[in-house]
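Colleague: I have not looked at this one before. Can you walk me through it?
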Amino acid sequence: MDGSQITIAVDGMGGDYGLPVTVPATIQFLSRASHADCLLVGDEGPLDAALRAAKPNQAISSRIQIVHASESVGMDEAIAVALRGKKDSSMRRAIECVHDGRAQACVSAGNTGALMALSRMVLKTMDGIDRPAIAAQLPNVRGGATMVLDLGANVDCSAEHLLQFAIMGAALSSALDQSRRPSIGLLNIGEEIIKGNEVVKQAGELLRNSGLNFIGNVEGKDIFSGTVDVVVCDGFVGNVALKTSEGLASMLAQTLREEYGRGLVSKLGALVSLPVIQRIRRRMDHRRYNGASLVGLRGIVFKSHGSADQLAFQTALSRAAHAVERKLIHQIAQTLPEVRALAHHAQDQSLLQQQA
């Protein structure tokens, strides 16, 4: 492989479908990304067989290297098993490739909890970050995207954790979108300060004193309206919101197919409006937004949906490559001290208010 290329370590065995998705998706990604190489990590025998069956051309084959791992982490496997019982898993070896400098990013569709735990253990977190978060950009009606975190890594969070998510989200948004002061909203059941549970209320107080560009509480609809650049929430709420939006998009697509198939007039109407339908389908296709960053780590790790098909997994690979190109870790590391200083100020102000 050419050392000047971006190299991505791919957990070939992860996800609901494993090799039938990860291998073809890797080949498709490489056919469109001439600047990238891939390390396919997993059981060498099945991986080699899957590659031969996919029949990549010689140019692409030369940019793929198999890294053998004798074990894999199951989607419902306990985190403790992944950490201590499977030290030669494809997931762990892929992350170690980033740690050792063999790759600049890792992509896995495997067990989310195991991926986060292994990434924290192998790569460690950035200074001042207690818990890494899962962050992804979701499309909004303004034609852009809204950064949302956490999307499932941390179910139980304190107000301080939500403040840290805001800090990381601001740094990540600045790195990806080159926005100097991205706007931040705290996901809640209403915009009023008095609404929400105690953790959310305390987080709102910290954010108001933080010096970040905090515009206040936002509701679920604001994720897709583009009201703010970054939406902060705990992992339980974030994951429910994400899966709900995916389910809604799928339901709408299915409803359109059913209604346009009802009778000759409907079918003719579908034919006339086909270009519009295709554009709508493309804008709402969650597969084209697949790939969430595990932000807060000392290395780039992207989580693909476990049920990702080839298009979705290919998108995750592209997002990881983009993060490498934008020097994401370096940019976040540069931005983090500034916003962390703001966070310390917020905590001091909150303490003074309590004492008063």
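This is a predicted model: local features need pLDDT of at least 70, side-chain atom pairs count only at pLDDT 80 or more; totals for chains, interfaces and linings use all residues.

Colleague: Start with H13. What span should its 16 residues have?
Modeller: Helix H13 covers residues 310–325 and should span 22 Å at 1.5 Å a residue; its end C-alpha atoms are 23 Å apart, which agrees. The expected span is 1.5 Å times one less than the number of residues. Helices here are DSSP runs (H or I, at least four residues), strands likewise (E, at least two), numbered from the N terminus.

Colleague: Which residues of H13 are buried?
Modeller: Ala312, Phe313, Gln314, Thr315, Ala316, Leu317, Ala320, Ala321, Ala323 and Val324. Buried means under 20% relative accessible area, exposed over 50%, partly exposed in between (1.4 Å probe, protein chains only).

Colleague: What is found at the start of H13, and what just after the helix?
Modeller: At the start, a side-chain oxygen of Asp309 comes within 3.2 Å of the backbone nitrogen of Leu311. Just after H13, Lys327 has a positive phi of about 50°.

Colleague: How do H1 and H13 cross?
Modeller: The axes of H1 (residues 19–32) and H13 come within 8 Å and cross at roughly 50°. That makes H1 oblique to H13, since angles under 35 degrees count as roughly parallel, over 145 as roughly antiparallel, 65 to 115 as roughly perpendicular and the rest as oblique. Axes are lines fitted to C-alpha atoms, for helices over the stretch in contact, with angles running from 0 to 180 degrees between N-to-C directions.

Colleague: Which residues make the contact?
Modeller: On H1, they include Pro20, Val21, Pro24, Ala25, Gln28 and Phe29; on H13, they include Phe313, Gln314, Leu317 and Ala321. Contact means heavy atoms within 4.5 Å. Phe313, Gln314, Leu317 and Ala321 are also among the buried residues of H13.

Colleague: Switching to H7 and H8. At what angle do they pack?
Modeller: H7 and helix H8 (residues 198–208) pack at about 50°, with axes 8 Å apart. That makes H7 oblique to H8. The contact includes Leu162, Leu163 and Ala166 of H7 and Val199, Ala203 and Leu206 of H8.

Colleague: Is Asn154 buried or exposed?
Modeller: Asn154 counts as buried, because its relative accessibility is 7%. Among the residues that Asn154 touches are Arg131, Phe165, Asp234 and Phe236, not counting residues up to four places away in sequence.

Colleague: What does Asp234 do at H10?
Modeller: Asp234 caps the N-terminal end of H10, with a side-chain oxygen 3.0 Å from the backbone nitrogen of Phe236. H10 (residues 235–260) has 26 residues and should span 38 Å, and its end C-alpha atoms are 38 Å apart, which agrees. The buried residues of H10 are Gly235, Gly238, Leu242, Ser245, Glu246 and Ala249.

Colleague: Last one: where is Lys55?
Modeller: Lys55 lies in the loop between H2 (44–54) and H3 (58–61). Lys55 has a positive phi of about 55° although it is not a glycine, and at 70% relative accessibility Lys55 counts as exposed.

Note on methods:
Residues are numbered from 1 along each chain as its sequence is written. Side-chain values use heavy atoms; hydrogens and water are left out. A polar contact is a pair of N or O atoms within 3.5 Å; within protein, one must be able to donate a hydrogen and the other to accept it, and residues adjacent in sequence count only if both atoms are side-chain atoms.
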